[in-house]
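This report describes a predicted model.

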Amino acid sequence: MIEIMLVLGWLGLYAPMALGAIGSIIGCAIAGQAAIGAMLDTESGYGRYVGVSAMPSSQVIYGIVIMFTLNRPIAGDNAAGIFAIGLLSGFALLFSAVYQGQCCASAIHAAKAKPEIFGLSIAPAAIVEGFAVFAFIFALVISAGIAQAPV
C-alpha cells in the first residue's frame, strides 16, 4: 500500500508541469491555426495574431513553478497531499490553456474582420488566464501546509 502512495505522490509532483504543458500545446495550436488563417486573409496585423496565439503558453510556466514548490522528499505522510494538489492544479491549468486558446482564436477572427476591436476581443482570454492564476496561487498557498518528509 505504501508503494502505491509513493507512486501517486511522484505522479502528483510532476502532474502540474505535464498537464500544463499539454494544455499549452493544445491552446497554442488552436490559436496558432486561427492566426495562420487570419494572415492569409489580411495584409497587416501579423504580429498581433502571433502574439495572441502564444497566450496559452503561460500555463506551462505556472505548472513548472508549482512542480518546484511541491518538490520535496515523497513519503507516506505527504504523498496524498502532493498527489491531490498536483493533479487538481494540473487539470485546472490544462483546461484553462485549452479554453484560452479557443478564446484567442475567436479574438483573432474578430480582429481580422474588425481590427478596431482587437484590444477588447482579447478580454475573454485574459479572464480565462485569471482562473489559471487563481489555481496557481491556490496551489502555492496550500502546498505550504504539506509536511516535509524526514530525510
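## Nonpolar cores

The largest nonpolar core comprises 14 residues, and Ile66 and Leu70 have the most contacts inside it. A nonpolar core is here a set of buried Ala, Val, Leu, Ile, Met, Phe, Trp, Tyr and Cys residues joined through side-chain atoms within 4.5 Å; buried means under 20% relative accessible area, with a 1.4 Å probe and protein chains only. The elements contributing two or more residues to this core are α3, α4 (79-113) and α6. Apart from it lies another core, of 12 residues, which includes Ala31, Ala35, Cys104 and Ala111.

Leu70 touches Gly12, Leu13, Pro16, Ile82, Ile85, Gly86, Ser143 and Ile146, when residues up to four places away in sequence are not counted. Contact means heavy atoms within 4.5 Å.

## Packing of α3 and α6

Helix α3 (residues 58-70) packs with helix α6 (residues 123-143) at an angle of about 5°, and their axes are 10 Å apart. Axes are lines fitted to C-alpha atoms, for helices over the stretch in contact, and angles between N-to-C directions run from 0 to 180 degrees. The pair is therefore roughly parallel, a class that takes angles under 35 degrees.

On the α3 side, Ser58, Gln59, Tyr62, Val65, Ile66, Thr69 and Leu70 meet Glu129, Ala132, Val133, Phe136, Ala139, Leu140 and Ser143 of α6. By class, this contact has nine nonpolar, four polar and one charged residues. In this classification Ala, Val, Leu, Ile, Met, Phe, Trp, Tyr, Cys and Pro are nonpolar, Asp, Glu, Lys and Arg are charged, and the others, Gly among them, are polar.

## Annotated spans

An unreviewed UniProt entry gives the annotation "domain: V-ATPase proteolipid subunit C-like" for residues 11-69 and 83-142. UniProt annotations may be inferred rather than shown by experiment. Residues 11-69 are 86% helix and 0% strand, with end C-alpha atoms 14 Å apart; for residues 83-142 the values are 92% helix, 0% strand and 12 Å.

## Overall fold and conventions

The protein chain has six helices and zero strands, where helices (H or I, at least four residues) and strands (E, at least two) are DSSP runs numbered from the N terminus. Of its 151 residues, 41% count as buried.

Residues are numbered from 1 along each chain as its sequence is written. Local features need pLDDT of at least 70 and side-chain atom pairs count only at pLDDT 80 or more, while totals for chains, interfaces and linings use all residues, and side-chain values use heavy atoms, with hydrogens and water left out.

Note on methods
Angles under 35 degrees count as roughly parallel, over 145 as roughly antiparallel, 65 to 115 as roughly perpendicular and the rest as oblique. Buried means under 20% relative accessible area, exposed over 50%, partly exposed in between (1.4 Å probe, protein chains only).
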